[in-house]
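Please keep the sequence and the three-dimensional view open side by side while reading. The paragraphs below go from the chains to their contact and then to single elements.

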Amino acid sequence: MLEISPFVIFIASIFTNNMILSNFLGMCSFIAVSKEIPTSFGLGQAVTVVLAITSVINYLLYEYVLIPLGLEYLRFIVFIVSIAATVQLLEMILERYLPNLYYALGIFLPLITVNCAILGVSLFMIIREYTLIQSIAFSIGSGLGWTLAIVALAGIRKKLENAPIPKGLQGPGITLIITGLMAMAFIGFSGIVQIQ
Amino acid sequence: MAKERVSKIFKQGILNENPVLVQILGICSALAVTNLMMNSLIMGLALTFVTGISSFTISVIRQFTPKHVRMIIQVLIIAAYVIIVDIFLKAYMPEMSKALGPYVGLIITNCIIMGRAEAYAQVNPPIPSLWDGIAAGLGYTFVLLAIAFVRELMGFGTIFGMPVLGEWWTPWTIMVMPPAAFFLLAILIWVLNSKREGEVTK
């Protein structure tokens, strides 16, 4: 994996290997939160920041603590604890120094802990054996890709408010179909770059 | 424990309150591993094991866990069992472990387990919690198998890797790709919702 340039990984993780549309990560909050564009955007930003921080921390923990000690199998516990701690810390820092952003994000910050995209990115970077620089590119790209998808979905859902949707499909059903269509559209990007 | 109570828990977990279709929980992995039936079966069984046994554990220690740290304790318990599953898969089914990739680890953040822990195991004795967790896990497994059946049949012309459709079948590549997973899950939810509505109006 060493030869792939970080820039390629960055672009690929936004478009061709989008976290939601091709790896299905972070679906829970994706469906629940994507009703309004501003909140989706706020959540997307928060996810991107947390992704960037946790991937670096997890990378360093894995490379310099778990591997030398031969404790690779403990990675799930270590990763989830470091993610929870990062989110908690970020919450305190934001509350102290950037209260506006803190109140804008509100409930979404703690919810990020259980967003599978965060843990997923950390696990992917271990499995694909990225270097530190590649991991940073991958995590920021994934965060931006996630934001792009959720904001686009929120925009489409806004337009759908007055559409006559069959009763059984309302809510999650139609959201999944829109996501499916978006995923099909994103397949069109797959000619640009490809990672795995 | 009364028999009808167990069967009621199972009916709820698998049908009436199916975690994937009704509560829309845990769909990340439900969509990702369903391109092959074998993957879905293993994933479903792994999740059933983790949900059941972690519900049991959480229920056993529920009286000793302080309220404000219970979340982190639950996550740690779940993570411990997921590690067991991961090591087991790596040792006995290395191919499967590769195919499932990060999704085994992602069982930790699967909302079904936390959901059952919060909604049921926190307030019920251990044995019913165990059944409840297993029922929710089986509900998840059935949905996975249903989606995987269509995707594998139409995408590869096989079931559990055995060719069933013969030479004349042209595989639908779209079925193996992500969009089909979204569409099929939406259709399943649609069918179930319409059926439930019919029952309510009757």
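In chain B, 77% of the contacts between residues at least 6 apart in sequence join residues at least 24 apart, where two residues are in contact if their C-beta atoms, placed from the backbone, lie within 7 Å. This is a predicted model, in which local features need pLDDT of at least 70 and side-chain atom pairs count only at pLDDT 80 or more, while totals for chains, interfaces and linings use all residues. Residues are numbered from 1 along each chain as its sequence is written, and chains are lettered from A and ligands numbered from 1 in the order in which they are written.

Along the sequence, the pattern of chain B reads α-α-α-α-α-α-α-β-β-α-α. The radius of gyration of chain B is 18 Å, close to the 17 Å given by the globule rule for 202 residues, so chain B is as compact as a globular protein of that length; the radius is taken over C-alpha atoms, and the rule is 2.2 Å times the number of residues to the power 0.38. The C-alpha atoms of chain B fill a box of roughly 60 × 50 × 30 Å along the principal axes. Of its 202 residues, 47% count as buried, a residue being buried if 20 or more other C-beta atoms lie within 10 Å of its own, exposed if 12 or fewer do, and partly exposed in between, with C-beta atoms placed from the backbone.

Chain A has nine helices and zero strands. Its radius of gyration is 17 Å, close to the 16 Å that the globule rule gives for 196 residues, so chain A is as compact as a globular protein of that length. Of the 196 residues of chain A, 45% count as buried, and residues 24 or more positions apart account for 81% of the contacts in chain A with a separation of 6 or more.

The contact between the chains takes 32 residues from chain A and 34 residues from chain B. On the side of chain A that touches chain B, the largest share, nine residues, comes from H9(A). The residues of that side divide into 24 nonpolar, seven polar and one charged; Ala, Val, Leu, Ile, Met, Phe, Trp, Tyr, Cys and Pro count as nonpolar, Asp, Glu, Lys and Arg as charged, and the others, Gly among them, as polar.

Leaving aside neighbours within four places in sequence, B:Pro179 is in contact with A:Gly180, A:Ala183, A:Met184 and B:Ile174. Why does B:Pro179 count as buried? B:Pro179 is buried because 21 other C-beta atoms lie within 10 Å.

Helix H3 (residues 37–60) of chain B is mostly covered, with 18 of its 24 residues buried. At 1.5 Å a residue, those 24 residues should span 34 Å, and the end C-alpha atoms are 34 Å apart, which agrees; the expected span is 1.5 Å times one less than the number of residues.

Conventions: Helices (H or I, at least four residues) and strands (E, at least two) are DSSP runs, numbered from the N terminus.
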